[in-house]
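We will go from stop to stop, with a note on what to select at each one.

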Amino acid sequence: MLPNFFLIGPGRSGTTWIAKSLMCHPDIFLPRRKSTRFFSSRHEQGLDWYESQFSGWRREKAVGEASVGYLRSGDAPSRIRDLIPEAKLIATLRHPVDRAYSSYGRLAALARKGEPNYGVSFEDKLRRTPRLVEEGLYAHHLERWLACFHREQLLILFFEDMKANPGNFLRTIYEFLGVDADFASPLIDQKVNATSSKRPRSRLLYGLYRTMMRLDLFHMSKWIDELNRSEVEPLSREARERLVAEYYLQDIRALEAMTGRDLSEWKTGAVSQGALVRPPDGAGA
């Protein structure tokens with residue numbers, strides 16, 4: 001069995017919550033392994049290994065996988081196109097500075113003393129770790145996917161909409177996948193985790209949190225994650241504006257043209273609360 005849809009990322013944008021919510025739907029199947037990374041870094045493990053990840057399939061209509069590294073992968077778009085040309089793709093985008101800050105919080109807290117760049121400021125970390133910046137160049141990465149797939153195969157959503165109205169957010173995905181859009185996920189009242197203002201205190205508890213997530217013990221994992229986090233200073237609007245201007249402004253403008261979404265608030269350091277962006281008519285049919 002092969003999937004017919006993919007959550008392609010990026011990371012730190014609610015993909016875990018989306019995947020867990022979709023797994024609750026009776027018409028949707030996702031494997032327990034959240035991220036197979038088959039089409040990016042594990043391609044050498046072979047098709048038999050990949051198909052084995054979907055061995056629990058019970059004739060659900062929509063079959064998918066969530067690998068957050070796919071969005072920025074240079075190989076994933078063409079590899080998926082060559083094997084599953086009719087695949088549907090879902091990308092949930094978060095303000096690029098917030099996404100990078102969330103990732104920085106995890107990396108900084110889990111790093112060991114003595115490692116390179118340990119304890120550096122967020123802005124220094126961005127300059128020393130290009131990957132943190134590159135992951136937020138959404139339009140650049142999506143252009144690579146659109147060179148391999150039709151626009152109607154790609155659903156572009158926004159993290160801010162997921163936080164503001166998770167029920168409507170999931171309904172949009174259900175409609176795109178062609179499954180019952182009236183299904184109410186039992187996780188709908190779970191807080192969508194922003195994680196930009198918190199970081200883990202303990203590596204041991206973080207490992208336990210990840211184990212609970214793999215075992216689908218979602219409520220327990222959330223409790224452990226909250227217990228393990230400490231507050232950090234939020235980014236000021238001035239810092240966000242400065243980082244947008246330095247790294248992301250051109251890409252945000254390209255993303256506006258690609259999606260038709262007004263991202264003025266992203267460009268001014270605020271967070272967009274606009275409407276969901278849907279693909280052209282016919283998507284999900």
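**Before you start**

This is a predicted model: local features need pLDDT of at least 70, side-chain atom pairs count only at pLDDT 80 or more, and totals for chains, interfaces and linings use all residues. Residues are numbered from 1 along each chain as its sequence is written, and side-chain values use heavy atoms, with hydrogens and water left out.

**Stop 1: the whole chain**

Show the chain as a cartoon and you will find 13 helices and seven strands. Helices (H or I, at least four residues) and strands (E, at least two) are DSSP runs, numbered from the N terminus. Of the 285 residues in the chain, 52% are buried. Here buried means under 20% relative accessible area, exposed means over 50%, and partly exposed is in between (1.4 Å probe, protein chains only). Contact means heavy atoms within 4.5 Å. Among contacts between residues at least 6 apart in sequence, 77% join residues at least 24 apart.

**Stop 2: the nonpolar cores**

A nonpolar core is a set of buried Ala, Val, Leu, Ile, Met, Phe, Trp, Tyr and Cys residues joined through side-chain atoms within 4.5 Å. Select Phe 6 and Leu 255, the residues with the most contacts inside the largest nonpolar core, which has 44 residues. Helix α12 (residues 237–259) gives the most to this core, with six residues. A second, separate core has 24 residues, including Ile 18, Ala 62, Ala 66 and Ala 181.

Now return to Phe 6 and show what surrounds it. Leaving aside residues up to four places away in sequence, Phe 6 touches a list of residues that includes Phe 39, Tyr 50, Tyr 70, Ile 80 and Ile 84.

**Stop 3: the loop between β1 and α1**

Most residues other than glycine have a negative phi, and most peptide bonds are trans. Select Gly 9 and Pro 10: the peptide bond between them is cis, with omega near 5°. Pro 10 is in the loop between β1 (5–9) and α1 (15–23). Arg 12 is found in that loop too, with a positive phi near 60°. Arg 12 is partly exposed, at a relative accessible area of 27%.

For another positive phi, select Arg 59, where the value is about 70°. Arg 59 is in the loop between α2 (46–52) and β3, and is exposed with a relative accessible area of 70%.

**Stop 4: salt bridges**

Side chains of opposite charge can pair when their charged atoms come close. A salt bridge is a side-chain nitrogen of Lys or Arg within 4 Å of a carboxyl oxygen of Asp or Glu. By this rule there are 15 salt bridges.

Select Glu 134 and Arg 72, whose side chains meet at 3.2 Å, N to O. This pair links distant parts of the chain, 62 residues apart: Glu 134 is in helix α6 (residues 130–134), and Arg 72 is in the loop between β3 (62–66) and α3 (76–83).

Next, select Glu 123 and Arg 242, which form a salt bridge at 2.5 Å, N to O. Glu 123 lies in helix α5 (residues 122–128) and Arg 242 in helix α12, so the pair ties together parts that are 119 residues apart in sequence. Glu 123 is buried at 18% relative accessibility, while Arg 242 is partly exposed at 42%.

**Stop 5: a buried arginine**

Where is Arg 151 found? Look in the loop between α7 (138–146) and β5 (154–158). Arg 151 is buried yet has no salt bridge, and the nearest side chain of opposite charge, Glu 152, is 7.4 Å away. For that search, Lys and Arg count as positive and Asp and Glu as negative; His and the chain ends are not counted. The side chain of Arg 151 does reach the backbone oxygen of Leu 154, at 2.6 Å.

**Stop 6: one side of α7**

Finish by selecting Tyr 138, Ala 139, His 141, Leu 142 and Trp 145, the buried residues of α7. They cover an arc of only 160° around the axis (taken from the directions from the helix axis to the C-beta atoms), which puts them on the same side of α7.

Terms used:
A polar contact is a pair of N or O atoms within 3.5 Å; within protein, one must be able to donate a hydrogen and the other to accept it, and residues adjacent in sequence count only if both atoms are side-chain atoms.
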